[in-house]
Amino acid sequence: VNIALVNYHFGDKLGLYTEVLQQSVKTGHVDAIRSALDGSGPPETILRALIKARMQSMCSQSLADRKFRIFLHELANPTPAMERVIDEVSRPVYKRVLALIGGMLGRRADDEMTRLCAHSVMGQIMLYGLALPVLKRLWPELKMTPKQLDRIADHIAEFSLAYLREAGKDRRKRNGRAAGSGQ
């Protein structure tokens, strides 16, 4: 590669690497995830669509794929490029997920419980993307076919929604008792 061309187009090698990293993250179907968040309907429907879009993006790429390997390397050994990718790609989606889940819980988006719940949902999805080689050895029938992927996404949604409904109901009860005691 001609270093002068790299410098002209990207500023320096870090600029080139940052662009490659951004493209690898965007390859992860960010548009489908944003589209799910833009969907209309009840929050539960939006969360289901988000989980399905995220599962498809995490699991449609094999670990042999170079772009996914670059992303995994960045997770394990963050560089200054990570901050730019977070700011430009991940943070906007994260804020929208927090707002969605916070609304379901009756909490602020920046509330600790909202964040914990959002991270729990994301963690269930990431398990399949990051640990797929191990999971396939533990569960040989795991093939990640479109039908199986849909069943897994539905399970994650049901599992998550069960907690979110209960936690939201408990919060509404506590708020009702607090309002009733102030009368």
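The protein chain contains nine helices and zero strands, where helices (H or I, at least four residues) and strands (E, at least two) are DSSP runs numbered from the N terminus. Read along the sequence, the chain therefore gives the pattern α-α-α-α-α-α-α-α-α. This is a predicted model, in which local features need pLDDT of at least 70 and side-chain atom pairs count only at pLDDT 80 or more, while totals for chains, interfaces and linings use all residues. Residues are numbered from 1 along each chain as its sequence is written, and side-chain values use heavy atoms, with hydrogens and water left out.

Taken along the principal axes, the C-alpha atoms of the protein chain fill a box of roughly 75 × 40 × 30 Å. Of its 183 residues, 33% count as buried; here buried means under 20% relative accessible area, exposed means over 50%, and partly exposed lies in between, with a 1.4 Å probe and protein chains only. Contact means heavy atoms within 4.5 Å, and among contacts between residues at least 6 apart in sequence, 66% join residues at least 24 apart.

At the start of helix H1 (residues 3-10), a side-chain oxygen of Asn2 reaches to within 2.8 Å of the backbone nitrogen of Ala4. Such a polar contact is a pair of N or O atoms within 3.5 Å; within protein, one must be able to donate a hydrogen and the other to accept it, and residues adjacent in sequence count only if both atoms are side-chain atoms. Just after H1, Gly11 takes a positive phi of about 90°. Helix H2 (residues 13-26) then includes Thr18, which is buried, with a relative accessible area of 4%. Not counting residues up to four places away in sequence, Thr18 touches Ala81, Arg84 and Val85. The C-alpha atoms of Thr18 and Met82 are separated by 7.6 Å, although these residues stand 64 residues apart along the chain.

The next pair to look at is H3 and H4. Two packed helices are described by the angle between their axes and the distance between the axes. The axes of H3 and H4 come within 8 Å and cross at roughly 175°; axes are lines fitted to C-alpha atoms, for helices over the stretch in contact, and angles run from 0 to 180 degrees between N-to-C directions. That angle makes H3 roughly antiparallel to H4, because angles over 145 degrees count as roughly antiparallel, those under 35 as roughly parallel, those from 65 to 115 as roughly perpendicular and the rest as oblique. On the H3 side the contact is made by Ala32, Ile33, Ala36 and Leu37, and on the H4 side by Ile46, Ala49, Leu50, Ala53, Arg54 and Ser57. Thr45 also has its place in helix H4, and is partly exposed, with a relative accessible area of 42%.

In soluble globular proteins, nonpolar side chains tend to be buried together. A nonpolar core is a set of buried Ala, Val, Leu, Ile, Met, Phe, Trp, Tyr and Cys residues joined through side-chain atoms within 4.5 Å. The largest nonpolar core here has 35 residues, and those with the most contacts inside it are Ile51, Met55 and Met144. Helix H3 (30-38), helix H4 (43-59), helix H6 (80-105), H7, helix H8 (132-138) and helix H9 (146-181) each supply at least two residues of this core. Apart from it lies another core, of eight residues, among them Leu21, Val25, Val30 and Phe71.

Leaving aside its neighbours within four places in sequence, Ile51 is in contact with Val121, Ile125, Ala153, Ile156 and Ala157. Met144 is found in the loop between H8 and H9, counts as buried at 13% relative accessibility, and has a phi near 55°, a positive value in a residue other than glycine.

Finally, Ala167 lies in helix H9 and counts as buried at 16% relative accessibility, while Ala167 and Leu105, 62 residues apart in sequence, are 6.4 Å apart in space, C-alpha to C-alpha.
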